[in-house]
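Here is a short briefing to read with the structure open beside you. Take a moment to turn the model around, and then follow the notes below.

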Amino acid sequence: MSPAPHDPAAPAGAAGRVEVGVIGGVGPAATVCFLDLVVRHTSADRDQDHVDLVVLQHASIPDRTAYILGRSDEDPGPVMAADARRLERLGVGFVVVPCNTAHHFTDEVAAAVDVPVLSIVDETADEVAARPGTARVGVLATSGTLAARVYQRALEARGLEPVVPDDADQDVVMGIIYDQVKAGRPADVAALHAVADRLGARGADVVVLGCTELSVVAAEHDLLADARYVDSLDVLARRTVERAGYPLR
């Protein structure tokens, strides 16, 4: 018999629920934001109603963009694969990585474990594809994510046309990500909106916040009040709650 909904003795994993493994620290603030979003998106009346997560806040994972762009020979793939194996040994039901650029290494991570790896990029692309009237999608992401074409491929596979910033605007986006959010400095929200405006002028129906540092900006400045934005971290948090077997708030 299933435990009563408010039975304090209800065992972990009851009613098909599973623990979630989080490869975090990529970056640290984005992981904290992800955990907050998971809590906020879970329909819960008590501590025991929330998602069980095992979090590796592994901030020393080598920089994903630097490796993709050939500016570093430190490969983050094997490090993340080892983290996934560590989480699997701890008994998690699936693994998430709250970092879009890390999607470039998802195949390597997934091959290292028998549990599923939930993709932030695929989940976000699915959400965008389900929006009525969406044909062209602006993508704000790191230069590594764009160079690896992780969003371009995911969107094109769903019949959508990606729209990415020009070089000058990409420099603005990278400055917000690296020089502001990752450095713990205030983000230039007006500059971010201006880049999104220019993507809209080029035909983008929606704009994906395809870097989890931009998700930090979204959370701090309520960017999702603007319907044009789709936040990848918010999507991942909601899908994590559902995949773990918990109801959404």
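This is a predicted model: local features need pLDDT of at least 70, side-chain atom pairs count only at pLDDT 80 or more; totals for chains, interfaces and linings use all residues.

**Helix α10**
- Helix α10 spans residues 212–221 and is mostly covered, with seven of its 10 residues buried.
- Those buried residues are Thr212, Glu213, Leu214, Ser215, Val216, Val217 and Ala218.

**Helices α5 and α7**
- Helix α5 covers residues 120–129 and helix α7 covers residues 150–157; their axes are 9 Å apart and the two pack at an angle of about 40 degrees.
- The two helices, α5 and α7, are therefore oblique to each other.
- Where α5 and α7 cross, the handedness is right-handed.
- On the α5 side, the contact is made by Ile120, Val121, Asp122, Thr124 and Ala125, which meet Val150, Tyr151, Ala154 and Leu155 of α7.

**Two domains**
- The chain is divided into domain 1, made of 20–120 + 236–244, and domain 2, made of 121–231.
- How far apart do the C-alpha centres of domain 1 and domain 2 lie? The distance between these centres is 20 Å.
- Domain 1 gives 21 residues to the contact between the domains, and domain 2 gives 24 residues.

Conventions:
Residues are numbered from 1 along each chain as its sequence is written. Side-chain values use heavy atoms; hydrogens and water are left out. Axes are lines fitted to C-alpha atoms, for helices over the stretch in contact, and angles run from 0 to 180 degrees between N-to-C directions. Helices (H or I, at least four residues) and strands (E, at least two) are DSSP runs, numbered from the N terminus. Angles under 35 degrees count as roughly parallel, over 145 as roughly antiparallel, 65 to 115 as roughly perpendicular and the rest as oblique. A crossing is left-handed if the near helix is turned anticlockwise from the far one by less than a right angle, and right-handed if clockwise. Contact means heavy atoms within 4.5 Å. Buried means under 20% relative accessible area, exposed over 50%, partly exposed in between (1.4 Å probe, protein chains only). Domain bounds come from an automatic or database domain assignment.
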